[in-house]
Amino acid sequence: MPRLASARYGKDNVRVYKVHRDEKTGVQSVTEMTVCCLLEGAIDTSYTQADNSVVVATDSIKNTIYIKAKEHPVNPPELYAGILGQHFLDTYPHISVANVKVVVHRWTRMTIDGKPHPHSFYRDGEETRTVEAVIRRDGITIKSGIVGLTVLKSTGSAFHGFVRDEYTTLKETWDRILSTDVDCGWTWKKFDGLAAVQDGVERFDKAWEAARNITMKTFAEDESASVQATMYKMCGQILDAVPEADLANYSLPNKHYFEIDLSWHKGLKNTGEDAEVYAPQSGPNGLIKCEVARS
Ligand SMILES: O=c1[nH]c(=O)c2[nH]c(=O)[nH]c2[nH]1
């Protein structure tokens with residue numbers, strides 16, 4: 001007999017937009033997010049015995065995502081994720097885990113004639129702010145992150161001293177282009193419950209801002225010996241800046257820019273110190289990951 005080893009279900013790709021209108025100033029603020037909410041619990045019979053009596057319909061889960069966004073703040077996303085997940089545990093005794101993922105998309109306020117515009121915004125990149133929360137009756141775990149922040153430095157990056165053997169063609173370099181799409185995260189120490197998430201809620205925006213600044217400053221200023229060495233430094237700085245986080249992680253593609261030998265055309269010099277025109281590669285790319293904990 002087969003055995004149901006694990007199961008979760010819910011609604012994915014629920015797109016939500018919320019506006020806040022400041023009646024006094026007329027200034028409006030907007031949040032756009034994509035939400036995934038998957039439930040676990042005593043739901044096995046819905047799979048094994050076609051028993052729908054234990055199923056909170058995914059359509060109802062979608063409705064709940066909208067209703068909780070109306071009833072409660074959606075910022076910071078860590079708080080909204082906690083509120084949404086807690087609702088399912090409080091409402092349905094047979095549900096024991098809510099897995100909530102929130103992806104916040106950028107809408108940056110326009111500056112028009114030097115002034116912040118009260119109700120117009122632009123998408124200044126595909127970078128998102130992410131939250132993965134797991135809500136259980138004995139506590140809430142939250143991982144926050146930044147995904148899709150594309151960065152490039154045109155110098156200040158080297159890569160040499162790596163293994164050279166009969167498989168190696170890569171030349172050592174003391175000066176290369178470094179580019180990546182940042183995917184980084186920081187995992188919060190477990191919260192006892194929703195009240196603990198709510199208490200000192202400003203920690204979440206502060207950590208996000210710190211992680212973003214650390215990522216960009218270290219990327220820009222580090223004389224990088226490798227992606228590995230630079231990302232490890234970033235993780236350490238995030239752990240210093242966010243004392244309530246006990247893990248920091250990065251996953252970084254190494255997006256290669258190849259030199260082009262143009263010497264065949266009138267002896268044009270375009271390699272080594274003369275390199276100016278490069279060929280950006282869409283793949284293959286390196287992919288380098290690490291997770292750093294407190295010692
Ligand atoms: O920073 C780097 N790390 C590597 O592991 C690696 N491997 C490679 O071919 N180029 C690079 N660059």
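1. Two strands count as a pair if DSSP finds at least two bridges between them. On that basis S6 and strand S7 (residues 139-153) pair up: 9 bridges join them, and they run antiparallel. Bear in mind as you read on that this is a predicted model.

2. Staying with S6 and S7, the two form a hairpin with 2 residues between them. If you want a spot to look at, Glu132 stands opposite Lys143 in S7.

3. S6 has a partner in S3 as well. Strand S3 (residues 95-105) runs antiparallel to S6, and 9 bridges join them. Here Ala98 sits opposite Ile135 of S6.

4. How many residues of strand S6 are buried? The count is 7 of the 9 in residues 128-136, so the strand is largely enclosed by the rest of the structure.

5. Over to the other hairpin. Strand S1 (residues 9-21) and strand S2 (residues 28-41) are antiparallel and joined by 11 bridges, with Arg21 opposite Gln28 in S2. There are 6 residues between S1 and S2, and Gly26 in the turn has a positive phi of about 80 degrees.

6. Asp22 belongs to the loop between S1 and S2. Its relative accessibility is 30%, so Asp22 counts as partly exposed, the class between 20% and 50%. From Asp22 to Tyr250 is 228 residues in sequence and 37 Å in space, C-alpha to C-alpha.

7. Last, the surface charge. Asp175, Glu223, Glu273, Asp274 and Glu276 gather in a negative patch. Of these, Glu273 lies in the loop between strand S10 (257-259) and strand S11 (278-280). Glu273 counts as exposed because its relative accessibility is 85%, and the cut-off for exposed is over 50%.

How values were computed: Residues numbered from 1 in each chain as written. Predicted model: local features only at pLDDT ≥ 70, side-chain atom pairs only at ≥ 80, totals over all residues. Heavy atoms only, no water. Patch = residues over 30% accessible without salt bridge, like charges linked within 9 Å, V, L, I, M, F, W, Y side chains within 5 Å. Areas by Shrake-Rupley, 256 points an atom, 1.4 Å probe, with all protein chains shown as cover. Salt bridge = Lys/Arg side-chain N within 4 Å of Asp/Glu carboxyl O. Lys, Arg positive; Asp, Glu negative; His and termini not counted. Charge placed at Lys NZ, Arg CZ, Asp CG, Glu CD. Helix = DSSP H or I, 4+ residues; strand = E, 2+ residues; numbered from the N terminus. Buried < 20%, exposed > 50% of the residue type's maximum accessible area, 1.4 Å probe, protein only.
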